[in-house]
Amino acid sequence: MASSMSNADVPKESGKSMCACMSCKLVKTYAQFVDRGCENCEWLHMEGDGTRVTDCTTVNFTGLIAIVDPAASWSAKWQHASKLKPGCYALDVQGAVPEHVDDLIHDRRRHYR
């Protein structure tokens, strides 16, 4: 079953270098977020901006789930990720984002946590 949907980057390292997007819970390394941004939340403009990556991601997350086919996956539906790109996602994120980022997330009718 071929899919035309592109995949999000998969974390190339594990441990303390991983962080999760506060909006969609995508998990990658800090360097991957700086290099490519968040494939689901391009409107957060993280690509190439380390400060923005720090503002929009957290290292405080629990659990990790790999979603290969979001539209068909019951676990993606359970995580409200059925419209996101295939990739690795945190089950839960903790933390707070700066007010200007919070406004962007709410403007997109998204809720983090």
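Author: Exposed means over 50% relative accessible area, and buried means under 20%. This is a predicted model. Take helix α4 as the opening case. Glu-99 and Asp-107 are exposed residues on the face of α4 turned away from its buried side.

Reader: Which residues of α4 are the buried ones?

Author: They are Val-101, Asp-102 and Ile-105.

Reader: What makes you say that the buried residues of α4 line one face?

Author: The arc does. Viewed along the axis of α4, its buried residues stay within 100 degrees, so they line one face of the helix. Part of their cover comes from α2.

Reader: What is the largest nonpolar core made of, and which members touch the most others?

Author: It has 29 residues. Cys-21, Cys-24, Cys-38, Leu-44 and Met-46 touch the most other members. At least two residues come from each of β1 (18–21), α2 (50–56), β5 (65–67) and α4 (99–107). The biggest contribution is from β1, with four residues.

Reader: Why would such residues gather inside?

Author: In soluble globular proteins, nonpolar side chains tend to be buried together.

Reader: What does Met-46 touch, leaving out residues up to four places away in sequence?

Author: Contact needs heavy atoms within 4.5 Å. On that test Met-46 touches Cys-21, Phe-33, Val-34, Gly-37, Cys-38, Arg-52, Val-53, Cys-56 and Thr-57.

Reader: Is Cys-41 buried or exposed?

Author: Its relative accessibility is 1%. The limit for buried is under 20%, so Cys-41 counts as buried. Cys-88 passes the same way: its relative accessible area is 13%, and it is buried.

Reader: Why are β2 and β3 called edge strands?

Author: Look at the order first. The open sheet has three strands, in the order β2-β1-β3, with antiparallel pairing. Strands β2 (27–29) and β3 (57–58) each pair on one side only, which puts them at the edges.

Reader: How do you know that β1 and β3 count as paired?

Author: Pairing takes at least two bridges between the strands. Two bridges join β1 to β3, and these strands run antiparallel. Ala-20, for one, has Thr-58 in β3 as its bridge partner.

Reader: How many salt bridges are there, and what makes Glu-39 and Lys-28 one of them?

Author: The whole structure has two. The cut-off between nitrogen and carboxyl oxygen is 4 Å. The closest N and O atoms of Glu-39 and Lys-28 are 2.9 Å apart, and the pair forms a salt bridge. Glu-39 sits in the loop between α1 (30–36) and α2, while Lys-28 is in strand β2, so the pair ties together parts that are eleven residues apart in sequence.

Reader: What about Arg-36 and Glu-39?

Author: Their side chains meet at 3.6 Å, N to O, in a salt bridge. That value is within the 4 Å limit.

Conventions: Residues numbered from 1 in each chain as written. Predicted model: local features only at pLDDT ≥ 70, side-chain atom pairs only at ≥ 80, totals over all residues. Heavy atoms only, no water. Core = buried A, V, L, I, M, F, W, Y, C linked by side-chain atoms within 4.5 Å. Buried < 20%, exposed > 50% of the residue type's maximum accessible area, 1.4 Å probe, protein only. Arc of directions from axis to C-beta.
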